[in-house]
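I opened this entry to look up helix packing and charged pairs. My notes follow the structure.

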Amino acid sequence: MAMNCMVFLAIDGERLQRFCSLSGMLENDIKSNLGLPSFQGFVLDYILQDEALLLEFAAAEQLKPEKIVALRRKLPGFAE
């Protein structure tokens, strides 16, 4: 799911730039960290903190937002 999130962000240059700016990461950092469960959780946290972005992503993936939250719970670092 985190890979899908990153593809969703990368499709829109402004979204990706905002993610990079807020996370302090460069595109190469993203590529090298995408396989890490902690980074995957971070990506889902990023999507979940912005309701409009979450709803856009959920619609693009044809998922209910609650499903994304449930997937996030399975990764390290989840805090309710």
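I started with aspartate 45, which is partly exposed at a relative accessible area of 31% (buried is under 20%, exposed over 50%, partly exposed in between; 1.4 Å probe, protein chains only). The model is predicted, so I kept to its thresholds: local features need pLDDT of at least 70, side-chain atom pairs count only at pLDDT 80 or more, and totals for chains, interfaces and linings use all residues. Residues are numbered from 1 along each chain as its sequence is written, and side-chain values use heavy atoms, without hydrogens and water.

I looked up the partner of aspartate 45 and found arginine 72, in a salt bridge with closest N and O atoms 2.7 Å apart (a side-chain nitrogen of Lys or Arg within 4 Å of a carboxyl oxygen of Asp or Glu). This pair joins helix α6 (residues 65-73), which holds arginine 72, to helix α4 (residues 37-48), which holds aspartate 45, 27 residues apart. Helices here are DSSP runs (H or I, at least four residues), numbered from the N terminus. Arginine 72 is buried, at 2% relative accessible area.

I counted two salt bridges by this rule. Arginine 15 meets glutamate 56 at 2.6 Å, N to O. Arginine 15 sits in helix α2 (residues 13-23) and glutamate 56 in helix α5, 41 residues apart. Glutamate 56 is partly exposed, at 39% relative accessibility.

Which residues of α5 does α1 meet? I noted Asn4, Cys5, Phe8 and Leu9 in α1 against Leu53, Glu56, Phe57, Ala60 and Glu61 in α5 (contact means heavy atoms within 4.5 Å).

Note on methods. Helices (H or I, at least four residues) and strands (E, at least two) are DSSP runs, numbered from the N terminus.
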